[in-house]
Protein chains: 6
Amino acid sequence: MRILIINPNSSLEMTEAIHKSACGFAKGDFEVVTLHIPESSPFVATYEDHARAASGMMKIIRDNNDDFDAFVIACHGDPNLDLMKEICDKPVVGIAEASMKMATMLGDRFSVISPVERNIPNKRVLIEKYHLEGYLASIRAPQKEDEGKNEEQRLMGAARKAIDEDMAEVIVLGCAGFAGLDKSMEKELGVPVLDGVVCALIVASGMVRYGVSTSKKRRYNPVF
Amino acid sequence: MRILIINPNSSLEMTEAIHKSACGFAKGDFEVVTLHIPESSPFVATYEDHARAASGMMKIIRDNNDDFDAFVIACHGDPNLDLMKEICDKPVVGIAEASMKMATMLGDRFSVISPVERNIPNKRVLIEKYHLEGYLASIRAPQKEDEGKNEEQRLMGAARKAIDEDMAEVIVLGCAGFAGLDKSMEKELGVPVLDGVVCALIVASGMVRYGVSTSKKRRYNPVF
Amino acid sequence: MRILIINPNSSLEMTEAIHKSACGFAKGDFEVVTLHIPESSPFVATYEDHARAASGMMKIIRDNNDDFDAFVIACHGDPNLDLMKEICDKPVVGIAEASMKMATMLGDRFSVISPVERNIPNKRVLIEKYHLEGYLASIRAPQKEDEGKNEEQRLMGAARKAIDEDMAEVIVLGCAGFAGLDKSMEKELGVPVLDGVVCALIVASGMVRYGVSTSKKRRYNPVF
Amino acid sequence: MRILIINPNSSLEMTEAIHKSACGFAKGDFEVVTLHIPESSPFVATYEDHARAASGMMKIIRDNNDDFDAFVIACHGDPNLDLMKEICDKPVVGIAEASMKMATMLGDRFSVISPVERNIPNKRVLIEKYHLEGYLASIRAPQKEDEGKNEEQRLMGAARKAIDEDMAEVIVLGCAGFAGLDKSMEKELGVPVLDGVVCALIVASGMVRYGVSTSKKRRYNPVF
Amino acid sequence: MRILIINPNSSLEMTEAIHKSACGFAKGDFEVVTLHIPESSPFVATYEDHARAASGMMKIIRDNNDDFDAFVIACHGDPNLDLMKEICDKPVVGIAEASMKMATMLGDRFSVISPVERNIPNKRVLIEKYHLEGYLASIRAPQKEDEGKNEEQRLMGAARKAIDEDMAEVIVLGCAGFAGLDKSMEKELGVPVLDGVVCALIVASGMVRYGVSTSKKRRYNPVF
Amino acid sequence: MRILIINPNSSLEMTEAIHKSACGFAKGDFEVVTLHIPESSPFVATYEDHARAASGMMKIIRDNNDDFDAFVIACHGDPNLDLMKEICDKPVVGIAEASMKMATMLGDRFSVISPVERNIPNKRVLIEKYHLEGYLASIRAPQKEDEGKNEEQRLMGAARKAIDEDMAEVIVLGCAGFAGLDKSMEKELGVPVLDGVVCALIVASGMVRYGVSTSKKRRYNPVF
């Protein structure tokens, strides 16, 4: 089985972190290739970032359609995910969709940790699109008071408030760039902490193994 | 006041119909310019059609930002509307959003007439995004039994079923290409029939007159 | 075009403020007349205030039906709005409905600033009636700590908390009596601040221009 | 214990039917008085009917406040119920609210049988106000094909479709005028059939016995 | 009329408190018997507690089916309530369902006071099952700062915050063991405070008097 | 990796079908053991069936906790799933929850095919518990007109109506006993058809591989 992970931004550093995390999960049982979009933004967050990544993402899917069994979109905004599902016959899994839906099977309600406050509305809109409001405890970003600390400490501050004040029972890391922090945070917090890339690989590899893919009946039918 | 209408597809015929309908409403009180996207699909419906229209739409907005007071996106899928709101300082109004929200002020519940059944799920997803399910009677497309008839007759068949069977009290024409059919249908049906372009012009011209535009606080802030 | 604004309370001062704000928007392009209800409460807030205003409002509509093109109900509780839509053939627009629905097209989520805390549940019930919960950040009233300040300062205190703590991106002024404060607040807050009377005029004048009015199919049919 | 039932319309015949049904339930354990509103419509259905009944209903409550322990509003549109709760210190119960909430404790989902199709949207709006959509199977009115039959047969036709096609498990009679048909319909249909007046008496007499009444904290506080 | 109250736990002390509260309401007008489940947990809270109580509860219902007119399940988690409704022909009423639905008729929104924070999610899940989110102000448990105080003082602390900070207008006591605290709390708080056992008796005795019981059409049909 | 599948009924034939389907998916990459509950009903559908299966299910989990890495509950009503998540430290996955959530990632909306109409409300209640209404096209059972046909033909009749009339794009087989029919139905229908056992194995094996399990923070904490 071969799964292609598409990092929709142009950051090589983030691509490597994603790939490392993916390989750690795949353990050689299936092959993982991770590609980035050179002409994309270094960080994909705004609607324009999504739009700028679209053609590169389409090209990757179309160029690799025959050589891979499934595709993972490795940005926690699930940019252009509907588009990818539409143009591709193989399973396409977004890391936000997979991690948040996996979270609903692991505890009462989940919180998403967003890199910055500016993007909280965009994440909420995505959560509403997936009909997940009933499972949402909160979306939190690191706060100003934690500004001097390192990334993990800042995420921990937001996660602790989510658990204590918002009654979260599961934490979803809201950025592909947080790859690798899940297990150390989980150990300290005492609740499941989910990395989206791993969750998407669970879903994508499972779909391949089961032999199912996106329904082409209407919404994702490429032919109008 | 100058309003630029962007038809996200490449059809000159549809562009003209939209422009005619818009001018009929503006009556010279404000200026309307209507542009299409030559490199776009002749009909914008799939997610790929949306993606293909994005760069042309961005270019139009950026090239014309200083010369116009507001922008209207004239496709009933509201393609790339969030993106346009994000990159533009002036009001940007989608014809689906404006017509469906106007419909909620004119009767109990509305039905959208979709050009084809294939696109009904895509329209429902849009309606859910706008939190309008509570106002929705149904989304209907012309049925096979009406295939030989002309476009207005086929839309009338769907609209009548929406009113009689789904309890719709307002009809929303679900395609910019239906421009010009509203008043004759309204006369026959006895309930309001809304053309999206006109509704968007009401909202856009009102915003200009009032001096308000998209909030740039978080979700539509172009700077991450 | 002639639009009649009905102020459902008996306050002449508020009627003048509303009228001034309306004329500032109409700029002579359409005629605006503003009437109050002498036998009504000086401030309309409770359910009894609504009931006491009903017959006066009905009388105004019926007496003026032929002389005006549309009617605006200028109280942010939208008192008797369904009744007015039922008995009138011309468009009738409530300032709460119009301003809150306009707000949804201008940013991610809106907050309503209520004159007093006591009325927050009543406003929430109205928002639920309009299926707008998905767009609501919060309803806030000025707080005790701001009691000594002037009205605008007290509203500003509530609006700032709505933006910072509740993630509001648009502010809706929740009382017709706040007319005239929108633009100075908007300037300070950096997000759209909506006056209901202006928003209702946008919608009402647009409906007149478009030639549409309330559907009489079932819910607003005056004949049972 | 003394309970005053207010029939908001002017029909003596309906008042007697309501009173008979109420007395059959009270069985002399508590006293029931039933009053109508002479200046009201003979049948209360439209928003104007509601408005016209308001002052008479207020007068009855205020004139009888000291002599009764609770009040029941006996019209299945619950006209002016919020107003009555606001102006009265004693419990006030609407027959629609009581019967539909009682229905949710007796089976999976309920259907309301409406006297006529025209009023279905108005009933749906009331159901949404009570947050009961999750318990609603359908609202049905007798159909044209049953026009020649007597009232009970016509209601039975609608109820049977509700049970068979809409999966209703409980039937709520959607008009105070249907009083007395519940038990014969229940016998034939094999599912609970609820008369609103009886349900309201259960709730009202229970509140009196328990010594609780409407919260005056905010929403129903008569003082603004 | 004879009503059997089932206390699903094994605490004799709680059984007595429930029985005393029930008799105080019944005032001899109907007979009340209260039984506990000796082999159950002393306090029923976890899912395992629910499961362990099931067979004892079923046995009580089946052994007493012919001798009683209705059954009340006296634990505010409504353990096994669907099961009891399914196996019993007589009305079965849960104290959580009855008290929370009664609360919705007494004020704008209610808060539930939970014995401990750990159980708040379980209570929220129950509230969602009853489609009561639209009526919920909050679920609150006594806080650490009140630990030294007696039970009523600790509940009062939580209830005051619910009223002041969460805008609750009615308080629901979220544990059968709080029986007897309702009236003293109500007096101090100035809003209705509901004891579940009393509310369930109102509903159960009313159903008996009316002659209605659980619909056996589908969901609660004991035969598959 | 070792996964224990619990068939909550007493049917050996169904246990074998489930086991065969599971082994076909596991392909020897992980070990699967399938156990039934001898003292349970031959078919688990009613609330009493759920209750009767509980102690046997608890015993299996507790006896095998140390020897297995995850547990699957193989009945499409997800009986006692919350209880199992509470008492077990290892991942526990229900086939209804897993298959319906997997379905949401494979197409616009799904329909569940229920063995019989009587159980449709019970399935809807489960779907509401999982907050999946927004993804639900319909729940359908085979109809009387198909009674003479074999099981697959009867399911096909219901599935075809779900796709054509209810706009379903994915079919979820609503009974563990339908194991083995997925791929032949999928081939004929042209949309994904999901077997719950396979979907639960995808989720359960993925959780084991990732090293995550049920959050014990509050709702599923076995200690009150």
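Predicted model: local features only at pLDDT ≥ 70, side-chain atom pairs only at ≥ 80, totals over all residues.
Two strands count as paired here if DSSP finds at least two bridges between them. One place to look is R2(A), whose bridge partner in β2(A) is E31(A).

Now widen the view to the whole sheet. In chain A, four strands form an open sheet in the order β2-β1-β3-β4, with parallel pairing. Because β2 (31-36) and β4 (92-94) of chain A each have a single partner strand, they stand at the edges, and one side of each is left without a neighbour in the sheet. On average, neighbouring strands of this sheet are turned by 20 degrees against each other, direction ignored. Across β1, β2, β3 (70-73) and β4 of chain A lies helix α2, residues 47-64, which runs at about 165 degrees to β1(A).

Strand β5 of chain A, residues 110-113, is joined to β6(A) by four bridges, and F110(A) stands opposite L136(A) in β6(A). Together with helix α5 of chain A (residues 120-129), β5(A) and β6(A) make a right-handed β-α-β unit. Strand β6 of chain A, residues 136-140, is mostly covered, with five of its five residues buried.

Finally, let us bring in chain F. The same surface serves both copies, as 100% of the contact residues of chain A recur in chain F.

Notes: Residues numbered from 1 in each chain as written. Chains lettered and ligands numbered in written order. Heavy atoms only, no water. Helix = DSSP H or I, 4+ residues; strand = E, 2+ residues; numbered from the N terminus. Axes fitted to C-alpha atoms, helices over the stretch in contact; angles between N-to-C directions. Contact = heavy atoms within 4.5 Å. Buried < 20%, exposed > 50% of the residue type's maximum accessible area, 1.4 Å probe, protein only. Right-handed = clockwise from strand over helix to strand, strands pointing away.
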